[in-house]
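Work through the following exercises with the sequence and the coordinates open beside you. Each task is followed by a solution that goes step by step.

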Amino acid sequence: MSEYPNNLRYSRTHEWFDPETNRMGISSFAVGHLGDVVEVDLSVDEGDVVDAGDEVGTIESVKTASPIYAPVSGKIVGFNEDLADAPELVNDAPYTDGWILEIEPSGGDDTSDLLDATLYSDHCALEE
Amino acid sequence: MTTHIHSGLLHREPPIFELSSPGRTGHALPAPENLDCEGLPGHFLREKAPGLPELSEVEVVRHFVRLSQWNHCIETGMYPLGSCTMKYNPKINDAMSGLAGFTATHPLQEDEFVQGSLELMYQLESALCRVSGFHSVTLQPSAGANGEFTGLALIKKAIDLRGQGARRKKVLIPDTAHGTNPASVVLNGFEPVLIVTGPEGVLLPDAVRPHLNDELAAIMVTNPNTLGIFESHLKEISELVHGAGGYVYMDGANFNAIMGKVRPADLGVDTMHFNLHKTFATPHGGGGPGAGPVGCTEELAPYLPVPRVLRTNEGRYRLVSELPNTIGRVHPFFGNFSILVRAFTYIMENGGSGLKKVTEMAVLNANYVRSLLKDTLTVSVDVDTLHEVVFTDRDLKKETHVSTMDVAKRLLDFGFHPPTVYFPLIVPGAFMVEPTETESRIEIENFVETVKTIISEARTDPEKVIGAPYRTGVGRLDETTAARKRILRWTPPQP
Amino acid sequence: MRYLPHSPHDIQHMLKTIGVEDVEELFRSIPRDQRTEKPDESPGLPECQLRRYIEGLSSKNKVFCVMLASAGAPFHAVPKAVETIIGRSEFQTAYTPYQPEVSQGTLQAVFEFQTIVTELMGLDVSNASLYDGASAVGEALLLALRVHKGKRRSVWVSEGLHPHAQTVIRTMLHAFGEVEIRWLPLDGKTGATLLPGPVTSDVAAVAVGYPNFLGVVEDVAAVAVAARQGGALSIVSVSDPSHLAVLASPGQLGVDIAVGEGMGISGTGGMGGPGLGLMAVRDEYVKQMPGRIVGQTVDSRGNPGYVLTLATREQHIRREKATSNICSNQALVALAFTVHMSLLGPSGLKDMAVLSRNRAMELRRGLLEIPGVCELVSGPVMNEFALVFPKNAEGLRAHMADNGIFFGVPLGRFYPDKPEYKEAILLSATETACRDDISHTILLAKEFYREGK
């Protein structure tokens with residue numbers, strides 16, 4: 001069974017966002033469905049401004065490719081450079097070393113559309 | 001020096017570059033008299049010779065013969081890949097395509113010097129028109145996907161000439177479609193719209209109705225569809241789409257199921273591609289070349305690629321390029337010509353009656369497989385199917401954890417190429433069997449017995465199935481490592 | 001029917017097992033009113049008659065003894081061993097290698113093909129081949145547009161590309177939509193592509209022929225620099241890969257994407273195809289590359305092996321977001337190319353290129369001795385060149401044809417609106433012509449004009 005840390009907020013499209021560090025990645029549920037990740041391909045650059053729900057890149061495994069959506073609106077201020085050489089970090093540590101982007105939220109209460117760990121867990125159970 | 005371990009007659013063969021040794025050669029060209037390249041500026045010249053291997057002819061031939069022995073092919077055994085139509089490729093077709101009159105002819109020779117080729121193309125176009133009911137056919141497209149591009153380009157041209165190009169952009173694609181369909185739509189500047197197949201596995205007019213408006217460019221339907229089911233409402237759907245000002249594209253990949261029985265033009269289809277490498281028995285060549293001729297109605301014919309082959313009143317043939325509304329060219333010359341010769345030979349050997357018989361036997365074989373396996377595997381949709389049958393691993397997986405992929409890999413151990421797996425996408429763990437008409441009853445029964453053996457293994461010894469294959473030259477290959485490490489060419493070992 | 005194995009008894013048994021009365025009942029899902037009313041019941045031909053009929057067609061084509069034309073379809077001497085290998089059932093009647101455990105032969109051969117193409121082109125990555133050289137240029141332009149993510153919507157394409165390739169490109173880009181093609185004219189004097197000025201910020205790519213359709217070897221390095229300075233990608237289209245034994249590789253010249261037509265080497269160019277579209281790119285563009293790619297990996301027993309890889313670029317996974325709709329390659333033609341290149345090796349390929357050039361230069365020199373014959377353009381060439389004849393170039397070609405010589409391609413056919421091309425012929429020679437063929441041709445031409453025709 002997948003685990004969803006309590007300190008994170010989750011989108012219905014399976015991204016997580018950490019309000020403390022402003023980092024985002026994809027949940028262990030999504031990772032489980034993708035299988036071995038072979039590439040994280042970002043379509044945004046540092047400094048770009050995105051809206052919540054915008055496509056910011058693609059995550060690829062051997063047999064599928066899924067879009068990554070911005071969980072919050074804001075400015076892209078950083079990305080995980082380690083993923084270029086070690087995409088398996090997303091599999092091995094989706095909530096820590098496998099983070100993808102750092103987004104500085106533009107609005108104060110921008111995470112209100114996101115789910116907490118309990119609600120997200122229910123959401124996943126429905127999709128399973 | 002590496003030692004290469006052989007296993008019986010199955011040789012381990014390294015990349016050809018590792019067999020190379022300086023100074024050897026496998027060619028017999030005379031030495032050039034004049035080695036300097038006068039007239040070419042020095043900075044236009046190559047600095048370092050390309051790293052081609054250096055071997056004698058014997059070594060080159062042996063290398064590739066050994067590689068060939070690692071392949072499964074139609075001539076080693078049954079190859080029941082659904083949707084791919086792996087039927088026997090008659091030898092006479094190859095011989096005819098190799099005639100010097102065809103292979104030694106320059107494509108820009110004047111019409112008077114290529115009358116035979118032009119006549120062959122004209123007659124092949126006519127034969128394809130006869131069997132499909134279309135007004136005209138172009139032979140240029142190099143493959144099925146290239147044919148899809150071409151057919152859609154004809155539709156786009158018609159819409160543009162009506163002045164509706166900016167608005168009519170939507171192309172309806174059922175969820176049973178080949179992956180090439182949406183990609184071909186985008187390459188024509190159209191937008192794909194997914195529509196859902198009904199519970200009986202066929203497209204219903206109601207799925208199309210909400211889209212009947214002035215944004216509709218076309219619908220793209222595979223018939224029979226990828227579940228092997230005849231789209232019995234297509235005629236009505238064509239009328240609806242035409243009524244809304246749109247066009248009907250039929251993906252002809254499965255035309256071998258209805259050839260001689262149904263003419264797509266009679267169903268209201270405006271344009272369709274043929275896969276000569278499926279329906280008309282030309283070799284697949286390990287991935288190509290195939291050929292994807294496109295047929296169309298009289299309305300779309302003026303937009304076909306140029307040149308067109310015309311027959312004069314005197315019975316001569318000539319190429320015509322000056323057609324004002326043509327979409328242009330999709331191939332620099334005439335398409336994959338040697339494939340056209342093979343397909344034409346096949347059609348002439350069969351005649352109309354033979355082609356119909358081919359269809360009947362293909363459908364008989366597929367239904368025989370279905371009836372022998374229906375209690376062992378789960379049929380995806382329980383309605384009549386034609387040239388292929390799609391099973392699902394839904395129940396097997398629940399019971400044993402053995403998946404379609406495992407069954408496929410285990411089949412390799414028994415000398416069978418597996419069916420198409422995990423397609424169509426709407427069927428969970430799809431296992432899509434198309435035996436084709438050239439398999440004998442005994443071969444089909446052997447295949448069925450083998451599948452049954454594997455399914456019972458899955459119940460008694462699932463790990464054995466999951467670990468397959470065991471008897472192939474290589475074991476299961478690590479695709480993740482291939483994608484992560486990306487070794488896409490040979491490089492010399494670092495000293 | 002010899003390809004249908006069932007006896008009448010088999011058919012009866014199978015129908016009974018299925019539970020239908022007759023074959024017709026198997027088609028009951030097709031509504032009656034949708035069936036063909038009058039099926040074509042024409043009989044087929046037995047093999048002996050079939051052979052006579054098709055051989056009859058082939059003999060209506062004229063096979064020239066001496067081929068002095070290339071124009072996008074070069075004819076090289078291809079050893080019999082190439083045909084033997086690609087005729088093997090295991091290569092010819094296999095499908096796409098989707099089950100790698102029983103397709104290692106095809107996969108390793110493609111891996112070797114990719115290596116050879118990258119070596120020739122001097123670039124990092126090759127795919128498993130595309131349909132033909134013309135569509136390969138179209139795909140390269142689409143690749144460049146993707147690299148710029150839609151921010152640059154125009155391409156500069158040389159009018160020195162093969163005229164048929166120009167038409168294919170126009171068809172492809174017009175269909176794709178919202179792309180402007182700026183056609184770059186050739187300099188009337190040198191025959192090289194004229195850049196209209198610095199490459200502007202709306203340009204995704206600049207594409208030129210190498211050599212171009214008139215045979216002129218372009219200053220590709222200068223084109224590559226200009227493209228780079230304008231932030232665009234440079235594309236070259238190689239008309240005959242054998243030239244790359246002599247000419248600098250596209251990679252050496254700073255090119256980003258090299259494409260080409262390989263059917264002259266594979267020996268499949270009769271009537272123009274099957275062609276062989278070559279494509280190699282710099283490593284950074286691999287994810288935007290169309291078509292199949294084979295990669296090396298390991299199997300469950302720790303042995304090396306090969307698989308199709310980076311499939312997430314392709315249509316069966318990415319569907320409408322795929323890099324292309326192509327779902328095949330010219331595998332058997334690529335195999336022929338690989339076998340021939342392996343037989344040639346670096347020395348053989350160079351001999352082929354140099355011999356071809358020697359023959360072409362002899363032909364050019366000899367023809368230029370005829371009063372009134374001159375070069376159409378002055379740029380450097382490999383083995384293809386255009387000459388302007390004083391008059392009646394068509395009569396000269398007909399005279400040559402009567403003597404078994406295919407004497408080039410009249411340029412007026414491709415450029416009806418250019419009067420200066422009216423008496424121009426595009427000629428080429430390869431190692432398939434011997435010195436006597438060349439001197440005989442020159443003699444015939446001299447006689448033709450001496451006799452005042």
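The model is a predicted one, in which local features need pLDDT of at least 70, side-chain atom pairs count only at pLDDT 80 or more, and totals for chains, interfaces and linings use all residues. Residues are numbered from 1 along each chain as its sequence is written, while chains are lettered from A and ligands numbered from 1 in the order in which they are written.

**Exercise 1.** Determine which residues of α13(C) are buried and what covers them.

Step 1: helices (H or I, at least four residues) and strands (E, at least two) are DSSP runs, numbered from the N terminus. Helix α13 of chain C, residues 435–450, has 16 residues and reaches 22 Å from its first C-alpha to its last, close to the 22 Å expected at 1.5 Å a residue, where the expected span is 1.5 Å times one less than the number of residues.

Step 2: a residue is buried if 20 or more other C-beta atoms lie within 10 Å of its own, exposed if 12 or fewer, and partly exposed in between, with C-beta atoms placed from the backbone. By this criterion the buried residues of α13(C) are C:D437, C:I438, C:T441 and C:A445. They cover an arc of only 100 degrees around the axis, which puts them on the same side of α13(C); the arc is that of the directions from the helix axis to the C-beta atoms.

Step 3: the face of α13(C) turned away from that buried side carries the exposed residues C:R435, C:D436, C:L443, C:E447 and C:R450. The cover over the buried residues includes β1 (66–67), α11 (331–368), α12 (393–402) and β13 (405–406) of chain C.

**Exercise 2.** Describe how α11(C) packs on α13(C), and then how α4(B) packs on α9(B).

Step 1: axes are lines fitted to C-alpha atoms, for helices over the stretch in contact, and angles run from 0 to 180 degrees between N-to-C directions. α11(C) and α13(C) pack at about 20 degrees with their axes 9 Å apart, and that makes α11(C) roughly parallel to α13(C). Angles under 35 degrees count as roughly parallel, over 145 as roughly antiparallel, 65 to 115 as roughly perpendicular and the rest as oblique.

Step 2: with contact meaning that two C-beta atoms, placed from the backbone, lie within 7 Å, C:R359, C:E362, C:L363, C:G366 and C:L367 in α11(C) meet C:R435, C:I438, C:T441, C:I442 and C:A445 in α13(C).

Step 3: α4(B) and α9(B) pack at an angle of about 40 degrees, their axes being 10 Å apart, and are therefore oblique to each other.

**Exercise 3.** How many residues of chain B are in contact with chain C, and which element gives the largest share?

Step 1: the count is 161 residues of chain B in contact with 154 residues of chain C.

Step 2: the largest share of the side of chain B that touches chain C, 20 residues, comes from α9(B).

**Exercise 4.** Locate the cis peptide bond that joins B:N223 and B:P224, and state whether A:H14 is buried or exposed.

Step 1: the bond between B:N223 and B:P224 is cis, with omega about -10 degrees, and B:P224 is placed in the loop between β4 (216–222) and α8 (234–243) of chain B.

Step 2: A:H14, although not a glycine, has a positive phi of about 75 degrees. A:H14 counts as buried, with 23 C-beta neighbours inside 10 Å.
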